[in-house]
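Please consider the sequence and the structure shown here together. The paragraphs that follow lead from the whole chain to its details.

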Amino acid sequence: ELRDGLRFILKAGGHGEIPEQLPNLQRTYLRVWQDTVVTGKDGSLTRKDLYIPNPFVQGNAAEQRDDLFEWLEMILCADTEGEDAVIVEGKQCTGKSTMVAGILERAYRDWGFQPGKVHLLSFGVRDLRNRALSVEALRDYLNLQSDDCFSDGLLIIDALDESDWSARHAQEQLELLLDDLAAYRCKLIATVRENYLDFQNVPGVHRIVLQPFDIEHAQRWMEIFGKSDRSLDIRTQQENLLRIPEEVRQMILLPHVLQICMTHGISLGNVVNLNRLYELVFRGPDGLLNRDDYLPHVREQHRQYAARLQTAVKIAVRCMKQDNFITQEELKVYAPDMHRFRTEYLLERRGDGYSFVHRSIPAYLIALGLYDAYEREQTPRQCLEALRPIVEEDGVLSGDVILALEQMRIRKAPEPAERAQRLFLAFLSEELEPLLVEPTD
């Protein structure tokens, strides 16, 4: 009854109540899959409606493939022994967790897996991060009645790189788990960041790497997005995607960033450089720093903006001082809601910590913090003194930050261009020279 009810819901378009009998984490992933992402004049679109599978490469092959779910079905549903694991790698913002929701739907709807035989783990869940990867440990964690639940089943592990282990220990744990699962003929799929594990040329393990969108995928996604509001000028957006600078286009081709641009109504024709992109993403009317989160009063919204910006600047400063790197422990101190922050502010896992997906992002955030203080404090020296509790020491202004300062425009200033130029020149003056560090490449 559970199987038939679930299959009915998923075949009906993936809308409706998810059966209560499913484990909580699976229900959460399926709900997110069904969540409305955009509502327009002509209808609403869910995350499922908007999802386009990423192109991917298999192993060390140079050729891209465009049949992700068909390929996964071929591997995961094959009645073979010794070909039981798929490692899916990808950079931050390429949609690995969204892909997992799609796999979960297809496992029940199309691939013939029974409820009770599909198991989902996410190392984004705090209480899982130090648990051993053994059949016995996972049976206890998943509250399964017996090991038989793994027989001819499917185990999905999302975000293994979010564990508290070193990459070497994570690989050892996964190798031991693969040995355990072989006796149960249980298929395994695990998602990790690119190059986190080393499973190249390991028998029985298929390794694929999700790619950012190419132009064709991005334009197809825009066409689907346009169905919510047919008055949107999607064709112009598609044409502008071809015209913008290459470094900006590569950032926008990350599926998560493309979604932010489109849902925030950002005209790609206005994105002349990365700083302008960040300006629109972070400070636009629906930007990440300006989102009101249902706060009713303008004063509360201003306080929230200031708090978010202060957190972002602290993390950006740490990254700028440490070759675009912040440890997991430092990130937890600055941003207790670490998972939300790293997703929204475009951080990706690196070693035992995190880096911004592009080193121009921390430079932009520091420049934004300086300007925000300058608007209130009036002079460059006072501006830096206002940031002193955040900066804590000299040497914060790299060449990247100086470039961001040059390109940025001050909000609410009567003569923003001239005012910005005065601040830019002041930061280059001899008086503030000790605060400069060597520019990055």
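Predicted model: local features only at pLDDT ≥ 70, side-chain atom pairs only at ≥ 80, totals over all residues.

How many helices and how many strands are there in the protein? There are 19 helices and 11 strands. Of the 441 residues in the protein, buried residues make up 51%.

We turn next to the packing of helices. Two packed helices are described by the angle between their axes and by the distance between those axes. Helix α8 covers residues 215-226 and helix α11 covers residues 255-263. Their axes lie 11 Å apart, and the angle at which they pack is about 35°. The crossing of these two helices, α8 and α11, is right-handed. On the side of α8, the contact is made by Ala-218, Trp-221, Met-222 and Phe-225, while α11 contributes Leu-258, Gln-259, Met-262 and Thr-263.

The residues of the contact of α8 with α9 divide into 6 nonpolar, 4 polar and 1 charged.

The next topic is the interior. In soluble globular proteins, nonpolar side chains tend to be buried together. The largest nonpolar core of this model has 59 residues, and the members that touch the most others are Ile-252, Leu-277 and Phe-282. Two or more residues of this core come from each of α8, α9, α10 (246-252), α11, α12 (274-283), α13 (298-321), β11 (353-356) and α16 (360-377). Helix α13 gives the most to this core, with 9 residues. What does Ile-252 touch, not counting residues up to four places away in sequence? Its partners are Leu-241, Ile-244, Val-257, Leu-258, Cys-261, Leu-268 and Leu-277. Another core lies apart from the largest one; this other core has 31 residues, including Tyr-29, Leu-30, Val-88 and Ile-156.

Why does Ile-260 count as buried? The cut-off for buried is under 20% relative accessible area, and Ile-260 counts as buried because its relative accessibility is 8%. Although Ile-260 and Val-281 are 21 residues apart in sequence, their C-alpha atoms are 7.1 Å apart in space. Helix α11 is followed by Gly-265, which has a positive phi, near 70°.

Loops form the last topic. Ala-132 lies in the loop between β5 (118-122) and α6 (135-142). With a relative accessibility of 36%, Ala-132 counts as partly exposed. Not counting residues up to four places away in sequence, Ala-132 touches Ala-137, Leu-138, Trp-165 and Gln-173. From C-alpha to C-alpha, Ala-132 and Leu-177 are 9.1 Å apart in space, while 45 residues separate them in sequence.

The loop between α6 and β6 (154-158) contains Asn-143. Is Asn-143 buried or exposed? Asn-143 counts as exposed because its relative accessibility is 61%. Asn-143 is not a glycine, yet its phi is positive, at about 60°. Asp-152 is likewise found in the loop between α6 and β6. For Asp-152, a residue other than glycine, phi also has a positive value, near 55°.

Conventions: Residues numbered from 1 in each chain as written. Heavy atoms only, no water. Axes fitted to C-alpha atoms, helices over the stretch in contact; angles between N-to-C directions. Helix = DSSP H or I, 4+ residues; strand = E, 2+ residues; numbered from the N terminus. Left-handed = near helix turned anticlockwise from the far one by under 90°. Contact = heavy atoms within 4.5 Å. Nonpolar A, V, L, I, M, F, W, Y, C, P; charged D, E, K, R; others polar. Core = buried A, V, L, I, M, F, W, Y, C linked by side-chain atoms within 4.5 Å. Buried < 20%, exposed > 50% of the residue type's maximum accessible area, 1.4 Å probe, protein only.
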